[in-house]
Amino acid sequence: MTSKLTFKKRLASSVVALSMALGPQAASAEEGVTFGVLVPLTGELGEFGKIVANGVQLAVNQINDEGGTSCGPIRTVVADTGGNPETGIREASKMIESESAVAILGPTSGVMVALADLAKRTETMLMSPYAGTITLNELGGDFVFRTVASDLGDGAVSGLWLEERGYKSVAFLIQNEESTISPAEIAKSAVEDAGIELTDYIVYNPGQPSYQAELISVLAHNPDAIYLAGGQNSSVTVIKEATAGGFEGEWLFTADLAVPEVFDLIGAELLNDRAFVEQADSDPSLPEYQAYSELHQSKTDGEDPGPFSANSYDMANLVALAMEASGECTGAGINSKIRDVAHEGDVVTTFAEGRAALQQGAEINYEGASGPVAFDETGTVTSPYTVSAAKDGVWVLEKFYPASTFIE
Amino acid sequence: MNIEQLILATATFGSLFAVMTVCLNIQYARGGMINFGTVAYFAVGAYTYAIFTHEPPSGLDRYVFGFDFPWYIGFLAAGIASLLFAVLTGWPTLRLRGEYLALTTFAFAEVLHSVLLNERRLGNGSVGLSNVERIDFTQFGLADKYGYALAAVLLLIATIVLCRRILASPYGRAVDAIRDDEVAAQSVGKDVQRMRFEVFLISALPIGFAGALYAMITTLVNPMLFTAEVTFFVWIALVLGGERTIKGAVLGTIALVAFEELIRNFHFESVRGAEIASSIEHMMTGVIFILVLRLQPFEKIKTWRAAQ
């Protein structure tokens, strides 16, 4: 018994000593205001996570360089979710509890849905530049926002593109995920309404070593095009196997493949002049986008902004402006003003402009690099879309669809 | 670093996973059954809880059942469903031994995962069920984070008490006898099939409750949360902590979760830092696993304490 007590006492004193040693560091780190950046840095969506985190960081650096917010400089803490909702909850809880983060920025669809309840309970702003899931159409609007349109828009633009391209027959291959199935169903309706023959509609599970079984029927019907809504890992195998199986038609991909890495993974020769990708994107002719593009290039050795980069930049600026407008350094303050700063008032295109206007008592309407970002009742914006073509191993803009195309 | 947050997260998730490890310990170390499908009983508990407490479908929902019962009905249903799933899977499989049983239980778990992923009418398919009903601990004057940590620890204590009482009883010794020598146990009148089946059922019940609590904490059930990775995590924890003792099973799990939480407690201000931390987490887990197996520190602590 004595030895047990001694052991327990030693254990308890060790914990106390550790707490004392590490505690003060947490207190001294809390300066200014903290934004949590919660993105997938590993896994299938890792490339997107890096783009989003860098977009947020560019905005935060710019804000801090211009004097910071009235709450002080913005500090970011970055964590990887790997796309896993449980990891997302654990990391977000730590950001809120340990780092006093007032906003969590950048989760993907699945993680965003898992965090919606936590955000509302802890009154923390939750915002994503690429979570298009239709589940957020029900959960969003209060502490849960996104600077990208719902996935239903991706479906609409895909359907429109397939029709405009003049295909007579199309096959659909869809990864079994909500973010790919919902837009595919919208695109399917559009294809059927346009009188295009739908030769196959196949939902497949990712993670298989081969998709030959799914492709047998598709290849037998030899469609003019295949609409492929899948993640990077599964799509690489599907495209290679379909090409090896004799498919010579065209492809339409969804945004998961809108990154330059696909040309290395698949091989540019399999994609050039026959593959297209649709995504919610910014209007490249906007002066604000061009200014952002220049800023991005100047900070990244000449790299163009990737998919959702401008949306990420705008997201961080919006949150900072909402904080300025509310005069509160809290999630609740941000939530109370996030709609107002992007709705009606003087049009501003940067944080500095917005802060100056707010200080003069004006109402502001932030329109940033990704265009207007007015939120609807579900906390979602209306995005423009682009379709890009694979040419010489890169994605080249083929067609721009302004947001007004999809507003009824 | 926030020590309180670290302790709370370790207590919450460590206790939840330790419930599974303790139950696996009973099945494997005492009952001699290799169950590679532990996650399935956890998933059944979580999904049952979500279905029983979720509102009926509306709008874009694809699921068919949502009974909108209060949390305690869902919690009880989760344990019962896990028990029934154990009946369903245990009845045809427990005549198998060793690696055959391991493969069959693994296959059952994969079948369940596939059903949950593809059958949208059951749990909304790959979307899952979000906004799952949870206990509001604030009405008891307790912050949620403390409430759930306490609930998880209490569930673990209840599981340990249940398992200890069973194992310390004559029934537990009969279970040990079956594990050590089935033929000898049979020769003195022990019904081997029945006892193995009973141990399998008893250990499924707390796992179902743990699943329900997990659903409350994450407020989401989704096939992505219930992959074979959970089973392997529990097995690694059991091996780390040492088989045959409940204390070892609990310590192994808590140590593994604490390590994960410790790594994640360091937040990075740059993308590169977070990327590197994420990459080394799995590497470090592997290294520690090898070191623990090689150096057996828990055995050494045991020896040291015995010598005091």
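**Cavities and salt bridges**

Modeller: Happy to, and please keep in mind that this is a predicted model.

Colleague: Which helix supplies the largest share of the lining of the largest cavity?

Modeller: The lining includes B:Ile26, B:Leu162, B:Tyr171 and B:Ser203. Two helices of chain B, helix 6 (144–168) and helix 9 (192–218), each give at least two residues to this lining. The largest share, four residues, belongs to helix 9 of chain B.

Colleague: How many residues of that lining are nonpolar, and how many polar or charged?

Modeller: Among the lining residues are B:Cys163, B:Ile166, B:Val199, B:Ile202 and B:Pro206. Sorted by type, the lining has no charged residue, one polar and eight nonpolar.

Colleague: Turning to salt bridges, how far apart in sequence are A:Glu164 and A:Lys399?

Modeller: Their side chains form a salt bridge, at 3.2 Å from N to O. A:Glu164 is in helix 6 (residues 151–164) of chain A and A:Lys399 in strand 15 (residues 394–401) of chain A, so the bridge ties together parts whose separation in sequence is 235 residues.

Colleague: Are A:Arg121 and A:Asp117 buried or partly exposed?

Modeller: These two also form a salt bridge, with the closest N and O atoms 2.8 Å apart. They are four residues apart in helix 4 (residues 109–122) of chain A, so about one helical turn separates them. Because buried means under 20% relative accessible area, the 16% of A:Asp117 makes it buried. A:Arg121, at 35%, is partly exposed.

Colleague: And why do B:Asp176 and B:Arg30 count as buried?

Modeller: B:Asp176 forms a salt bridge with B:Arg30, and their closest N and O atoms are 2.7 Å apart. This pair links helix 7 (residues 170–180) and helix 1 (residues 3–30) of chain B, 146 residues apart. The cut-off for buried is under 20%, and so B:Asp176 qualifies with a relative accessible area of 15%, while B:Arg30 qualifies with 14%.

Colleague: One more: where is B:Val64, a member of the nonpolar surface patch?

Modeller: The patch, about 540 Å², is made by B:Val64, B:Phe65, B:Phe67, B:Phe69, B:Tyr72 and B:Ile73. B:Val64 is partly exposed, at 45% relative accessible area. Its place is in the chain B loop between helix 2 (38–53) and helix 3 (71–93).

Technical notes: Residues are numbered from 1 along each chain as its sequence is written. Chains are lettered from A and ligands numbered from 1 in the order in which they are written. This is a predicted model: local features need pLDDT of at least 70, side-chain atom pairs count only at pLDDT 80 or more; totals for chains, interfaces and linings use all residues. Side-chain values use heavy atoms; hydrogens and water are left out. Patches are made of residues with over 30% relative accessible area and no salt bridge: like charges are joined within 9 Å, nonpolar side chains (Val, Leu, Ile, Met, Phe, Trp, Tyr) within 5 Å. Accessible areas come from the Shrake-Rupley method with a 1.4 Å probe; for residues, only the protein chains shown count as cover. A salt bridge is a side-chain nitrogen of Lys or Arg within 4 Å of a carboxyl oxygen of Asp or Glu. Buried means under 20% relative accessible area, exposed over 50%, partly exposed in between (1.4 Å probe, protein chains only). On a 1 Å grid over the protein atoms alone, a cavity is a set of points where a 1.4 Å probe fits but cannot get out, and a pocket is an open set with protein on both sides within 12 Å along at least five of seven lines; lining residues have an atom within 4 Å of a point. Ala, Val, Leu, Ile, Met, Phe, Trp, Tyr, Cys and Pro count as nonpolar, Asp, Glu, Lys and Arg as charged, and the others, Gly among them, as polar.
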